[in-house]
2 protein chains.
Amino acid sequence: MSSHSETLLDWRARITKKQQQRASFPPAWLIDAPPEHVLNVQDVPYTCALLTARDIEITDTTDIDVLLAKLAGRQWSSVEVTTAFYKRAIVAQQLTNCLTEIFIDRALQRAQEVDDYLKATGTVMGPLHGLPISLKDQFAIKGLETTMGYASWIGKVADSDSVLTQILYECGAVPFVRTNVCQTLSWGETFNHVFGRTTNPWNRYLTAGGSSGGEGALVAMKGSPIGVGTDIGGSVRIPSAFCGLYTLRSSYERLPYCGAVNAQEGQESISSVPGPMTNSVSGLKAFMKAVIDSKPWEKDPLVVRKEWSEKEYQLSEHGEGSKLCFAVMWDNGLLKPHPPLWRAMRLCKKALEAAGHTVIDWEPLNMMEIFKNAESIYNADAGHDFREVCKESGEPVIQTMSPETNKHELALDEPLVRTVLGPEQKMLTAWELWQLHKEKRALRKAQLDHWQATANRTGTGRPVDAIISPAAPYVAPPHGLNNDYFYTTFCNAMDYATSVLPVTFVDEELDRPAQPHEFYNHHDKANYELYDPKLFHGAPVGVQLIGRTQEEEAVIAMTEILDNALKACKAAEGK
Amino acid sequence: MSSHSETLLDWRARITKKQQQRASFPPAWLIDAPPEHVLNVQDVPYTCALLTARDIEITDTTDIDVLLAKLAGRQWSSVEVTTAFYKRAIVAQQLTNCLTEIFIDRALQRAQEVDDYLKATGTVMGPLHGLPISLKDQFAIKGLETTMGYASWIGKVADSDSVLTQILYECGAVPFVRTNVCQTLSWGETFNHVFGRTTNPWNRYLTAGGSSGGEGALVAMKGSPIGVGTDIGGSVRIPSAFCGLYTLRSSYERLPYCGAVNAQEGQESISSVPGPMTNSVSGLKAFMKAVIDSKPWEKDPLVVRKEWSEKEYQLSEHGEGSKLCFAVMWDNGLLKPHPPLWRAMRLCKKALEAAGHTVIDWEPLNMMEIFKNAESIYNADAGHDFREVCKESGEPVIQTMSPETNKHELALDEPLVRTVLGPEQKMLTAWELWQLHKEKRALRKAQLDHWQATANRTGTGRPVDAIISPAAPYVAPPHGLNNDYFYTTFCNAMDYATSVLPVTFVDEELDRPAQPHEFYNHHDKANYELYDPKLFHGAPVGVQLIGRTQEEEAVIAMTEILDNALKACKAAEGK
C-alpha cells in the first residue's frame with residue numbers, strides 16, 4: 001500500500017476530501033434528483049433524461065445470458081454497455097448514495113480494450129466478456145483506494161488486484177464501480193462516516209440492508225448487471241431480500257477472497273464469502289461458473305479444488321430435479337416473520353406444488369444454541385479489531401445504524417443475544433475459542449443428522465432437497481431497525497449454500513397484521529409491534545433457498561426451478 | 001460416555017488395571033519373545049511358531065488389491081484373514097508394544113458376519129469387504145474405551161462409532177485392534193503413561209515415530225494390512241517413514257474426523273487429518289476411494305463435498321502422467337538431512353529420470369516463517385488443553401520422549417523453535433490467533449505463487465507436478481531424539497496432500513557421514529553430530545511426495561509412478 005501518509009489529518013477533513021473526490025463525475029450526469037420525501041425512486045432512470053432509449057434497453061436487460069450473448073455477438077459493444085450502466089449507476093448514486101469509488105475513464109478504457117480484443121481476434125476474452133461488474137468496497141483494484149468505510153483507510157492505494165478482481169479481468173469483465181458498506185461490515189444496514197448512508201430505492205425511508213447494501217441499492221436500480229458482495233452473517237442475502245434481488249451465499253472458500261480487505265481478518269471460525277447479486281437467476285450461474293472454471297485455487301490457496309459440476313447442476317443428487325421435496329421454515333422459533341413473508345412462502349409452496357414438487361414443513365432445531373454460538377464467535381475479540389482500525393484515525397466506532405434525523409418512532413428493544421459491538425467485553429482466549437468450535441461442530445453434526453433424517457417423510461427417498469426460509473423476519477425495515485440476522489446467520493454457521501430470490505412485494509391489502517402470538521422473547525414482541533402494512537407497502541419480499549454445504553450448483557438449479565414455478569403461477573393468474 | 005466413574009482412583013492404579021485388561025489375549029498367543037537386546041524383530045513372526053504357513057501367506061500379502069480380491073472371491077474368508085492378522089498383531093504387540101485395545105471375539109464375530117453376508121447374498125458388503133483394519137486410539141468404536149493414552153480417559157466407553165469407524169463398517173471392513181499414541185498426540189514418537197512406549201520393529205533401540213507410532217510398528221510387522229492414523233504435523237508420515245510404510249496425509253477435511261477423540265479439539269487453524277498407513281501403494285487408493293465413495297459429507301458436516309475423481313487419478317491436471325516434472329527438496333535450509341536421505345532422493349531422481357520424467361531442484365521459501373507460524377498456532381493455548389486432561393487424573397504432562405533407561409548418549413539441543421509443550425506460556429487471545437491466521441494465509445499465498453512460478457523451469461508448461469522431500473532430516477532416531485517435525489509440518493501448514501513411500505534402507509557402507517557444512521543453527525549442528533552409520537544401519541528410509549491441496553487422487557497416482565520407477569530401477573540392478 002502506498003499514499004497512506006495522511007493519518008495525522010483530522011478524520012473529518014479526510015472524509016470531506018474523499019467525498020469531493022467521489023463527486024467528481026461528469027456534470028452532465030448530474031440529475032434533478034427528487035426531494036427526500038419521494039420514497040420510491042425506481043422510475044427516475046426512465047424520467048431523468050440522462051439515459052437514452054438505448055441505455056434503457058441495455059440496462060433493463062436483466063437476463064445476464066442475454067447481455068453476454070449481445071456482447072459476444074457484437075450487437076452491443078462493451079463501451080456502450082459500460083457507459084449505459086455507468087450512467088444508471090450515477091443516477092442510483094444520486095438517489096441512494098450507493099457508490100464509493102467512481103472511475104469512469106479507467107472502466108471505459110478497459111471496455112475499449114475488451115472490444116478491441118473481440119474485434120481483433122474474433123473471440124471473446126472470457127465467459128464474462130465485456131460485462132460491467134460492480135464490486136463491494138473490499139475487492140481491491142490495483143491503483144485505487146480500498147476504504148471499506150474507514151476514515152483511516154482513505155488513501156490506502158492497492159498495489160495489486162484482489163484474486164477475484166484478477167479473475168474477473170481474465171474472464172473479460174469490466175469492473176466499473178465500487179459500492180458502499182457499513183463500518184465494520186458487521187451490521188445488516190449500510191452506513192459509515194466516510195460515505196454516509198445507502199438507502200433503498202424502492203423506499204428510501206427503508207434500509208437497503210447490509211453490509212453489501214451499496215450493491216443492493218445499485219443492482220436494484222439496474223445500475224449494475226452483477227454486483228459482488230460478501231456475506232458472513234447475511235451480508236449479500238439481507239440486501240438482496242430487501243432490494244428484490246437474486247444472490248448466492250456460497251460455502252466457505254468456494255470463491256476466492258484472497259487479496260480483498262476485510263473486517264476481523266484472520267477470523268476463520270465462520271468465514272465471510274463473496275457472492276454475486278443480480279436481477280435474474282441466470283446471473284448467479286454465469287458468475288459462479290465463470291469464476292470456478294478459472295480454477296481460483298491456482299491463485300487463492302484457500303479455495304476448494306472443486307470444479308464446476310454440470311452434473312450437480314443437473315441435480316444428480318436430487319433425482320435429476322424431476323420431483324423435489326422442499327421444506328418451508330415458516331418460523332425459526334426465535335422471531336416470527338411478518339405477514340408478507342408468510343404470504344411469500346405460501347406463494348412458493350403453491351408454485352412448487354403446481355410444478356409437481358412436494359412441500360413439507362421444516363422443523364427448526366437448536367436455533368438459539370446456533371445463534372449464541374455464532375454471535376460468540378463474531379464477538380471473540382470483543383470488538384478489538386474494529387476499535388484498532390478506528391483508533392488509527394480517531395473516528396468513533398459506530399454504535400447504531402439509526403439515523404440522526406427522520407428516525408422511525410419505534411426502536412427495537414435490546415437484540416435477542418447481543419448488539420453487534422456491545423459494551424467492551426473480555427476477549428476470548430484461543431482455548432475458549434476452541435471450545436466454541438467444538439460446540440459449533442456438534443451443532444453442525446446435529447443439524448446434518450436432523451436433515452438426513454427427513455428422508456423418512458419426504459416421499460422421495462431422499463432427505464429434503466432444500467429449505468425455503470425468510471432471509472429476515474421482516475422486509476426492509478426503516479433505517480436502524482434491522483437488528484436480527486439469524487435467519488441468514490444460521491446458514492453461515494452451518495455453511496449452507498444458500499440463495500435469495502424475489503417473490504413478491506408487500507401489499508397493504510393482502511398483508512394484514514397477524515393476531516398476536518405467544519411471543520418467544522422480548523425481541524419477538526418488539527418485532528411483532530413493528531409490523532405496519534402501510535409502512536412496508538411496496539417493499540420487495542424475498543426468500544432464501546437453503547441447500548447443503550458446497551452444493552452451489554444444485555442450489556442455483558433449484559433456485560431456477562422455484563423462480564420458474566413462481567413465474568408460471570403469476571402468468572397463470574394473469575399478473 | 002458411560003462407565004467413567006473411577007476418576008478418584010489413583011492414576012497409577014487405573015493404568016495397572018488397564019494394562020492387565022490389555023494383556024488378556026489367549027495364552028496360546030504368547031510367544032517366546034527375544035530379549036531386549038535383539039533389535040530387529042522382523043523375523044519373529046516367521047520363527048515364533050504361532051503363525052501357520054497359511055497365516056504367513058495371508059499376512060505377507062501386502063498388496064491390498066490382492067487381499068481384497070481373495071476375500072471377495074472367497075479364496076480366503078474374513079475370519080481366517082482376521083485371525084491371521086490378529087495373531088501377527090499380537091506378536092507385534094509382544095515385540096513393540098503397539099496395541100491399546102484388543103477385542104478378538106468381537107472382531108471375529110464381525111468377520112463371521114461379513115463372511116455370512118457374502119455367502120448369503122453372493123455379493124461383497126462393500127469395497128473393503130472382510131479386510132481387517134487397525135485404528136489409532138482416537139477412532140471411537142461403540143462399546144470400547146477410547147483412552148488416547150490418558151489415564152483420565154480410562155473407562156470412557158464410546159456411545160457410538162466415530163464417523164470413520166461407521167463408514168469402514170459400511171464398507172465391509174473389520175476393525176480389529178486399536179493402536180498406541182503419545183500422550184497429547186503432539187510428539188513425533190509414541191509413549192504414554194497408560195500403555196508405555198512403542199518401539200520400531202526394524203530396530204527396537206529406535207523410535208517407531210509418532211504420534212501414530214502404534215500403527216507404524218504394527219503395520220511394519222504386517223500385523224495389519226491397513227492402519228488408520230492421524231496427522232497434524234507429521235503423525236502418519238513420520239512413523240511411516242521411520243517404519244518403511246506407505247501413507248497419505250490428505251488435505252483438511254477430505255476424510256471424516258467427526259466422532260473421533262482428539263487433543264486440542266476445536267483447534268481449526270491447522271487441522272489434524274486421518275490417514276491410511278499400509279505396506280503397498282494399492283492400500284492408499286483402496287482406502288481413500290472406499291471412504292470418499294461412501295459420501296462422508298453425509299455423516300460429517302466438515303468433510304469437503306468432493307467425489308473421488310478418477311479423472312484426477314488419471315492425472316488430468318498433470319499431462320495424463322506421461323512426462324512429469326518433479327522437484328527435489330534436498331534440504332529445507334533449517335536442518336540438513338542425513339546421508340541416507342540424500343541417497344534416497346538421488347535414487348528417486350535416477351528412477352524418475354529413467355522412467356522419462358524430469359527432476360529439478362525445489363527452492364525452499366519462507367521455511368522458518370512457516371515453521372514459527374505453525375508452532376505458534378499449535379501452542380496458542382500454551383498447553384492448557386493437555387494440562388486440563390492430565391489434571392483430571394493427576395497424571396503428569398510428559399515433558400520428554402527420552403526413555404529412563406537405555407537412553408542414547410546424545411541429546412539434541414533445545415529444538416529450533418520451541419519444545420512441544422515448553423514452560424507454561426501465556427495463552428494467546430482470539431485476536432492474536434487471528435493475526436497468526438493472517439500470517440498463515442499470506443505464507444500460503446506466497447508458497448502457491450512460488451509453486452506456480454516453477455512453470456517457467458519445468459519444461460512441461462505446467463508448474464512442478466510434485467515435490468520429493470525427506471519426511472524428517474533423519475531416519476528413525478533413538479527414542480527421545482525425534483525433535484524436528486518441520487519437513488512434515490510444512491505440508492500441514494500449507495495443507496498439501498502428501499504421501500510417504502519407502503525407498504531403501506540405511507547401509508553403513510553406502511551412507512558414510514558427510515563433511516560438516518556451515519550449520520544453519522544450533523539444532524542443525526546437533527543433528528549433524530547425531531549421524532552414525534552403524535547406529536542407523538538397516539533402518540528404513542522413506543521420502544515424502546508433496547502435491548497440492550485437495551489433490552489426493554493425483555498424489556496417489558504420482559506415488560504409484562515413483563514406486564514403480566524405484567522398483568524398475570532395483571529390478572534393472574538385479575536387487
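**Two interfaces in a predicted dimer model**

Modeller: Chain B and chain A bury about 4,300 Å² between them, with 53% of that on carbon and sulfur atoms. Buried area here is the accessible area (1.4 Å probe) that two parts lose on being put together, summed over both. This is a predicted model, in which local features need pLDDT of at least 70 and side-chain atom pairs count only at pLDDT 80 or more, while totals for chains, interfaces and linings use all residues. Residues are numbered from 1 along each chain as its sequence is written, chains are lettered from A in the order in which they are written, and side-chain values use heavy atoms, with hydrogens and water left out.

Biologist: Which residues of chain B supply 20% of the area that chain B buries against chain A?

Modeller: B:Arg305, B:Trp434 and B:Arg441 do, more than any other three residues.

Biologist: What makes the relation of the chains that of a two-fold axis?

Modeller: A rotation of 180° with 0.0 Å of shift along its axis superposes chain B on chain A, RMSD 0.0 Å. That is the relation of a two-fold axis. In chain B, the C-alpha nearest the axis belongs to B:Thr429, 2.1 Å from it.

Biologist: Why is the pair B:Glu268 and A:Arg441 called a salt bridge?

Modeller: The term requires a side-chain nitrogen of Lys or Arg within 4 Å of a carboxyl oxygen of Asp or Glu. For B:Glu268 and A:Arg441 the N to O distance is 2.7 Å, so the pair meets the definition. The count between chain B and chain A is 10 salt bridges.

Biologist: What is the division of chain A into domains?

Modeller: Chain A has domain 1 (11-24 + 44-298) and domain 2 (312-572), with bounds from an automatic or database domain assignment. Their centres, taken over C-alpha atoms, are 24 Å apart. The contact takes 57 residues from domain 1 of chain A and 72 residues from domain 2 of chain A.

Biologist: How many salt bridges does the rule find across the interface of those two domains of chain A?

Modeller: The rule finds 3. A:Arg249 forms a salt bridge with A:Asp495, their closest N and O atoms being 2.9 Å apart.

Methods: Least-squares fit on C-alpha atoms with pLDDT ≥ 70 in both. Contact = heavy atoms within 4.5 Å.
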